[in-house]
Amino acid sequence: MQQIVLVGFMGAGKTTIGHELATILQLPLIDTDQLIEERVNQTIPEIFEQYGESYFRELEAQVLASLNDQEGIISTGGGIVLQEATRQQLKNFQHVVYLTVPFKELVTRIKNDSQNLRPLFLNHTQQDFQKIYESRASLYEAVSTIEIENTGKMVETIANEIIDRVGV
Ligand code: S3P
């Protein structure tokens, strides 16, 4: 069974690289944010607004737990590492790839991504958002088996680098 989980901050390219990996390896692409939205039939901004972040995190943990034996490329939300339970679960997956991008570039990408509204970006000052970014780095490092910088390279190049490193 082939299984690659992608983790990293908002805007790190998890979905984009996930698509490319899924195409090259001919594996299904599973997106935890999408599964959450389908489960409750609401968008992420709606879930945050109506029920709050903690409810979203509960759903996130449930969805991740349901994917343990799932073959494919699993693209996660940036906050997947926030709970002890999800961090433990992530250790059960075959490969966990941490995509890193410098903060300034992430902000540019998030601002340009009008299709994906991120409540945590919209509800925080840039300074506080940067604190969130900084506080998460060690969590991504702790759960990942491989770390790859996703800046200045083509999507295909990064995807092939991941394939080489995980040896699938
Ligand atoms: C979040 C990241 C988002 C989404 C939600 C919360 C986070 O996913 O799950 O807005 O806490 O980092 P992306 O990383 O795909 O933007």
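Reply: A residue is called near a molecule if one of its heavy atoms lies within 4 Å of it. Since this is a predicted model, local features need pLDDT of at least 70 and side-chain atom pairs count only at pLDDT 80 or more, while totals for chains, interfaces and linings use all residues. Residues are numbered from 1 along each chain as its sequence is written, and side-chain values use heavy atoms, with hydrogens and water left out.

The ligand is surrounded by 13 residues, of which Lys14, Asp33, Arg57, Arg118 and Arg136 are the closest. Polar contacts here are pairs of N or O atoms within 3.5 Å; within protein, one must be able to donate a hydrogen and the other to accept it, and residues adjacent in sequence count only if both atoms are side-chain atoms. An N or O atom in the side chain of Lys14 is 2.7 Å from an oxygen atom of the ligand, and a polar side-chain atom of Arg118 also lies 2.7 Å from a ligand oxygen, whereas for a polar backbone atom of Gly79 the distance to an oxygen atom of the ligand is 3.2 Å. Of the 380 Å² of accessible area that the ligand has on its own, the protein covers 95% (Shrake-Rupley method with a 1.4 Å probe; for residues, only the protein chains shown count as cover).

Turning to Lys14 itself, a polar atom of its side chain lies 2.9 Å from the backbone oxygen of Gly8. Lys14 counts as buried because its relative accessibility is 7%, whereas Thr16, at 45%, counts as partly exposed (buried means under 20% relative accessible area, exposed over 50%, partly exposed in between, with a 1.4 Å probe and protein chains only).
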